[in-house]
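Hi everyone, thanks for coming. Please have a look at the sequence and the 3D view, and then I'll walk you through a few spots.

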Amino acid sequence: QVQLAESGGDSVQAGGSLRLSCAASSGYIFSGRCMAWFRQAPGKEREAVASIEIEGGLDLNYADSVKGRFTISRDDAKNTLYLQMNNLKPEDTAMYYCAAEGPWYCNIRTEIHRYNVWGQGTQVTVSS
């Protein structure tokens, strides 16, 4: 069974940057299905932050709250999904999860249940 492992979470000050990584277990090759990053803050629902679709041509989608600050990418040679986060704000504080094996076509509103493989999460804390 595919396993995903996130890393890169940390505590930073507002304005700082972090790069999250999501590595797939050995032997698993990324498929062409959508992948995404979600986050969940205490007391809030899990929300999509960014998604990446390659089936219909590379299509990157972002939540309005992170547009212009976050960048999603994938390295198929390394079987790793990334989330570069710049100009971090206190409201970005959350547990961040990567998700894989989603539908072939997706956008930022694609429902959580459409993704079939999840990591355990990595904590990002941004102080003001």
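Let me start with a term: a residue is buried when its relative accessible area is under 20%, exposed when that is over 50%, and partly exposed in between, using a 1.4 Å probe and protein chains only. Please keep in mind that this is a predicted model, where local features need pLDDT of at least 70, side-chain atom pairs count only at pLDDT 80 or more, and totals for chains, interfaces and linings use all residues. Residues are numbered from 1 along each chain as its sequence is written, and side-chain values use heavy atoms, with hydrogens and water left out.

Let's begin with the cysteines. A disulfide here is a pair of cysteine sulfur atoms within 2.5 Å. How many disulfides does that rule give? The count is two.

One of them joins Cys22 and Cys98, whose sulfur atoms are 2.0 Å apart. Where do these cysteines sit? Cys22 is in strand E3, residues 18–24, and Cys98 is in strand E9, residues 94–100, so the bond links distant parts of the chain, 76 residues apart. The strand names come from DSSP runs numbered from the N terminus, with helices (H or I) needing at least four residues and strands (E) at least two. The torsion about this S-S bond is about 60°, so the disulfide is right-handed. Cys22 is buried, because its relative accessible area is 0%, and Cys98 counts as buried at 0% too.

The other disulfide pairs Cys34 with Cys106, and here the sulfur atoms lie 2.1 Å apart. This pair also links distant parts of the chain: Cys34 is in the loop between E3 and strand E4 (35–40), while Cys106 is in the loop between E9 and strand E10 (117–118), 72 residues apart. Which hand does this one have? Its torsion is about -100°, so the disulfide is left-handed. And are Cys34 and Cys106 buried or exposed? Both Cys34 and Cys106 are buried. If you number the bonded cysteines in sequence order, the pairing reads 1-3, 2-4.

Now let's stay in the loop between E9 and E10, where we find Trp104. Trp104 counts as partly exposed, because its relative accessibility is 37%. Contact means heavy atoms within 4.5 Å. Leaving aside neighbours within four places in sequence, Trp104 is in contact with Gly32, Arg33, Cys34, Glu53 and Glu55. At 28% relative accessibility, Asn107 counts as partly exposed. With neighbours within four places set aside, Asn107 is in contact with Ser51 and Asn61. A polar atom of the Asn107 side chain also lies 2.7 Å from the backbone nitrogen of Arg109. That is a polar contact, meaning a pair of N or O atoms within 3.5 Å; within protein, one must be able to donate a hydrogen and the other to accept it, and residues adjacent in sequence count only if both atoms are side-chain atoms.

My last stop is Asn79, in the loop between strand E7 (70–75) and strand E8 (80–85). Asn79 is buried, with a relative accessible area of 15%. Not counting residues up to four places away in sequence, Asn79 touches Cys22, Ala23, Ala24, Tyr28, Ile29 and Phe30. The backbone nitrogen of Phe30 lies 3.2 Å from a polar atom of the Asn79 side chain.
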